[in-house]
Amino acid sequence: MLAFLLILVFTVIKTHAQECRRIQPIKSPDAVEAPLAEGVRAVKEQIPVDRQTVEKTMQKIAESWNTPEMSKKLANSFYEKDRLMDSMNGNAPVDARLRILSVGSYRLINQGIKSDPGGDLLISRISVIAKTQIEYNNPTNGFQRRQGEQEYIIKITQKGFLK
Amino acid sequence: MARKKSSYKAALEELKKEYRKWCVVAGKPIIPAGIEQGQPPWDLGQPPGDLPGEMQLVRTPGLDGEFSYEIEQVINTWYSGSTGTNPFSWVDINGIFTTTGSRSGSGDQCSGKSMVFDTTAPGGPYAGIVLNETTRSCSLVNFSSSSSSSVYFNSLITNNYQYGPGAGWSGGPVVSTGVYGTTYVKTYSKGSNTVGISFKVTNNTPANPNNAVLNVNSVNW
């Protein structure tokens, strides 16, 4: 009888120590969760965005860096956009340029279609890994470069894609 | 001894047979004689694009379709970490362009400038003001090069920090305690040169918990 009671007690303790495995979602940038645009309907099946378009986009990003076009290419939701532009305007030398050293892997995060009189627009949110290098000339120290590797969350709108 | 040698030779031959059976392609030498024609040198490894996720050289081909883009977020990759420069981070932009004094070669490059620095970086000092009495110029530097700072900033703790003159400079007083957000006007000297500096260090923000900012209002020689 005593043995039975002991087994029962230990069984209860063991049961209390167990818990169901919970799903712990990995935190991801807010931009990923944001809607693509107003009036966008989801695609039934994702349409691949070709590598050439992604690479061309990265080149355009580099070309617009430290130019008046730069702020236009930053989404309104870009974190501390004004602070970045203030820093660029206040500190970056005119000759500072951004070079894309390499474009690595990319993945389609989400995608949607928006109706437009000129043909449907395909809007794709993409994550791209790229190696970059800031280059500028320092009057004292000469040519300077600063490398880095970043993940870019970009929204590409392809016009007339689904006519 | 002779028996041991013969058994060793026999074993070696067996091993060679097995190697040829499993590892050698017909017509190919057992050990590659060199780089085959048209193949990249060995130290270059796999050609780009052969491995998933591998970096590829950028090509700039023409595009068939019209497209536009918008940048929503740019973050350092985990393996880039704090060492990589993010061209879309205001902290990094301030850091690289204000610490090197790239806008002009001499003169006062500190007035009105600010520099963000990482309060979690190992060691210290964390930030500094370098004064050159010969050229009467000034630059802001981060912890890695501030050991020669004319004025250094160190021991950043919750409510205050310490600052003082670096090697060869005097004034201050020598080690002072500063309160975040308070503007100080201090005079430092070296030889016959005296310079008055107005500065302020602001503490981190919830958005940037590891960063503090050194603001230099003015430098007067």
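The loop between H3 and H4 of chain A is where A:Asn66 is found; helices here are DSSP runs of H or I with at least four residues, strands are DSSP runs of E with at least two, and both are numbered from the N terminus. The model is a predicted one, in which local features need pLDDT of at least 70 and side-chain atom pairs count only at pLDDT 80 or more, while totals for chains, interfaces and linings use all residues. Residues are numbered from 1 along each chain as its sequence is written, and chains are lettered from A and ligands numbered from 1 in the order in which they are written.

Although A:Asn66 is not a glycine, its phi is positive, at about 60 degrees. Most residues other than glycine have a negative phi. A:Asn66 counts as buried because it has 21 C-beta neighbours inside 10 Å; the term buried asks for 20 or more other C-beta atoms within 10 Å of a residue's own, exposed for 12 or fewer, and partly exposed covers the range in between, with C-beta atoms placed from the backbone. The loop between H3 and H4 of chain A also holds A:Glu80, another non-glycine residue with a positive phi, here of about 55 degrees. With 15 C-beta neighbours inside 10 Å, A:Glu80 counts as partly exposed.

The buried members of H3(A) are A:Thr53, A:Val54, A:Glu55, A:Lys56, A:Thr57, A:Met58 and A:Ile61. These buried residues pack against E2, E3 and E4 of chain A together with E1 of chain B. H3(A) lies across those strands and runs at about 125 degrees to E2(A), where axes are lines fitted to C-alpha atoms, for helices over the stretch in contact, and angles run from 0 to 180 degrees between N-to-C directions.

The fold of chain A comprises 4 helices and 4 strands, arranged along the sequence as α-α-β-α-α-β-β-β. Of its 163 residues, 27% count as buried. Among the contacts in chain A with a separation of 6 or more, 70% join residues 24 or more positions apart; a contact requires C-beta atoms, placed from the backbone, to lie within 7 Å.

Which strands make up the open sheet that includes E1(A) and E1(B)? The order is E1(A)-E2(A)-E3(A)-E4(A)-E1(B), with antiparallel pairing, and strands pair if DSSP finds at least two bridges between them. Strand E1 (40–42) of chain A and E1 of chain B stand at the edges with a single partner strand each, so one side of each is left without a neighbour in the sheet. The twist from one strand to the next averages 40 degrees. E1(A) and E2(A) run antiparallel and are joined by 3 bridges, with A:Ala42 opposite A:Gly112 in E2(A).

The largest nonpolar core has 32 residues, of which A:Val54, A:Ile126, A:Val128, A:Tyr152, A:Ile154, B:Ile71 and B:Ile93 touch the most other members. Such a core is a set of buried Ala, Val, Leu, Ile, Met, Phe, Trp, Tyr and Cys residues joined through C-beta atoms within 7 Å. Leaving aside neighbours within four places in sequence, the contacts of B:Ile71 include A:Ile61, A:Tyr152, A:Ile154 and B:Phe88. A second, separate core of 27 residues includes B:Phe117, B:Tyr126, B:Cys138 and B:Val216.

Chain B also contains an open sheet of 5 strands, ordered E4-E3-E5-E6-E8 and paired antiparallel. Strand E4 (137–142) and strand E8 (176–179) are at its edges, each with a single partner strand, so one side of each is left without a neighbour in the sheet. Neighbouring strands are turned by 25 degrees against each other on average, direction ignored. Strand E3 (residues 127–132) of chain B is largely enclosed by the rest of the structure, because 5 of its 6 residues are buried. E3(B) pairs with E4(B) in the antiparallel sense over 6 bridges, and B:Val130 has B:Ser139 as its bridge partner in E4(B). These two strands form a hairpin with 4 residues between them, and B:Arg136 in the turn has a positive phi of about 55 degrees. E3(B) is also joined by 3 bridges to strand E5 (residues 151–154) of chain B, where B:Ile129 stands opposite B:Val151.

Conventions: Two residues are in contact if their C-beta atoms, placed from the backbone, lie within 7 Å.
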